[in-house]
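Have the sequence and the 3D view open while you read.

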Amino acid sequence: MKLSKQSQPLHTFFREDKRWKMQQLMESVLQQLNRARNRLTIPAAMTLPDLVNTNGAKMFNPPLPSDVLVNFYVHHNKLCLILYQVHPLQTNLNKNFKAAGGSVCHSPGAMFEYGGQKFEVSHAHKVESTVAWLNQVLLYTTLALQLSQQLRDKVSVFENYWSKHY
C-alpha cells in the first residue's frame, strides 16, 4: 500500500500467529443469518407430544381446555395458529395405532402417545394473520446473507493471494 503519493509503497502482510479471524467470524455470521432466514421460511415440524409439552394452551386467559393443543409459528409474512382438539383412544378399540411424526400441520385422525395414553386428533383449525413488516425482515435477512457471503468470498480471495505470494 502507498500511504501518500510521494512515499514508497509499503509491503507488509499479516503474521501467521497474529491473523485476524475474519473467516471464522464470517462463518458464524452466515450460520446465524441462515438460521434466521430458515426460521422465517421453513416452520419447525413438531410432533403432537412436543405440542403437549409446550403448554401453549396455558398462554390464553382463561386457559384452553386440556384436550386442545396449540401450535404457533411464523411462515414468511404470516403468523399462524393451529388448534388441535384431541381425544383419548379407547384401549379396547381395534383401531390400528400409528403414531404421527413431526409435521407443521397435523390432520384429523393423526394419532400420538403421551404419558402411556394414546390420543387422536379429532379436529384441526388453522388461522393465519399477515404481518406486513415480516416481508421486510425476510428481505433484509436474505440481503444480509448474500452480502455476507460475498464478503466472505472476497476475504477468501485475498487470503489465498497472500498465502501464495508471501
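What follows is a short briefing, grouped by topic.

This is a predicted model, in which local features need pLDDT of at least 70, side-chain atom pairs count only at pLDDT 80 or more, and totals for chains, interfaces and linings use all residues. Residues are numbered from 1 along each chain as its sequence is written, and side-chain values use heavy atoms, with hydrogens and water left out.

**The overall picture**

- The chain has three helices and four strands; helices here are DSSP runs of H or I with at least four residues, strands are E runs of at least two, and both are numbered from the N terminus.
- Going along the sequence, the pattern reads α-α-β-β-β-β-α.
- Of the 166 residues in the chain, 23% are buried (buried is under 20% relative accessible area, exposed is over 50%, and partly exposed is in between, with a 1.4 Å probe and protein chains only).
- Take the contacts between residues at least 6 apart in sequence: 62% of them join residues at least 24 apart (a contact means heavy atoms within 4.5 Å).

**Helix α3**

- Helix α3 covers residues 133-165, which is 33 residues, and spans 48 Å from its first C-alpha to its last, close to the 48 Å expected at 1.5 Å a residue (the expected span is 1.5 Å times one less than the number of residues).
- Its buried residues include L134, L138, T141, T142, L145 and S148.
- As background, an α-helix has 3.6 residues a turn, so residues three or four places apart point the same way.

**How the strands pair**

- Strand β2 (residues 78-88) runs antiparallel to strand β4 (residues 117-130), with 11 bridges between them (two strands pair if DSSP finds at least two bridges between them).
- To find that pairing in the viewer, look for C80, whose bridge partner in β4 is E128.
- Strand β3 (residues 111-114) also pairs with β4 in the antiparallel sense, over four bridges, and Y114 has Q117 as its bridge partner.
- β3 and β4 make a hairpin with two residues between them, and G115 in the turn has a positive phi of about 60°.

- H106 sits in the loop between β2 and β3.
- Is H106 buried or exposed? H106 counts as buried because its relative accessibility is 4%.
- Leaving out residues up to four places away in sequence, H106 touches M46, T47, L48, Y84, A100, G101 and A124.
- A polar atom of the H106 side chain lies 2.8 Å from the backbone oxygen of M46.
- L83 is 23 residues from H106 along the chain, and their C-alpha atoms are 9.9 Å apart.

- Most residues other than glycine have a negative phi, and most peptide bonds are trans.
- N61 and P62 are joined by a cis peptide bond, with omega about 0°; P62 is in the loop between α2 (48-54) and β1 (68-75).
- H76 is not a glycine, yet has a positive phi of about 55°.
- You'll find H76 in the loop between β1 and β2, where H76 is partly exposed with a relative accessible area of 33%.

**Aromatic pairs**

- How many aromatic pairs does a search of the whole structure find? The search finds two (rings of Phe, Tyr and Trp, the last by its six-membered ring, pair if their centres lie within 6.5 Å; planes under 30 degrees apart count as stacked, over 60 as edge-to-face and the rest as tilted).
- F60 and F72 have ring centres 6.2 Å apart and planes at 20°, so this pair is stacked.
- The pair links distant parts of the chain, with F60 in the loop between α2 and β1 and F72 in strand β1, 12 residues apart.
- F60 is partly exposed at 28% relative accessibility, and F72 is partly exposed at 39%.
- F112 and F119 also form a stacked pair, 5.2 Å centre to centre with 20° between the planes, and both F112 and F119 are buried.

How values were computed:
Polar contact = N/O pair within 3.5 Å; in protein donor to acceptor, adjacent residues only side chain to side chain.
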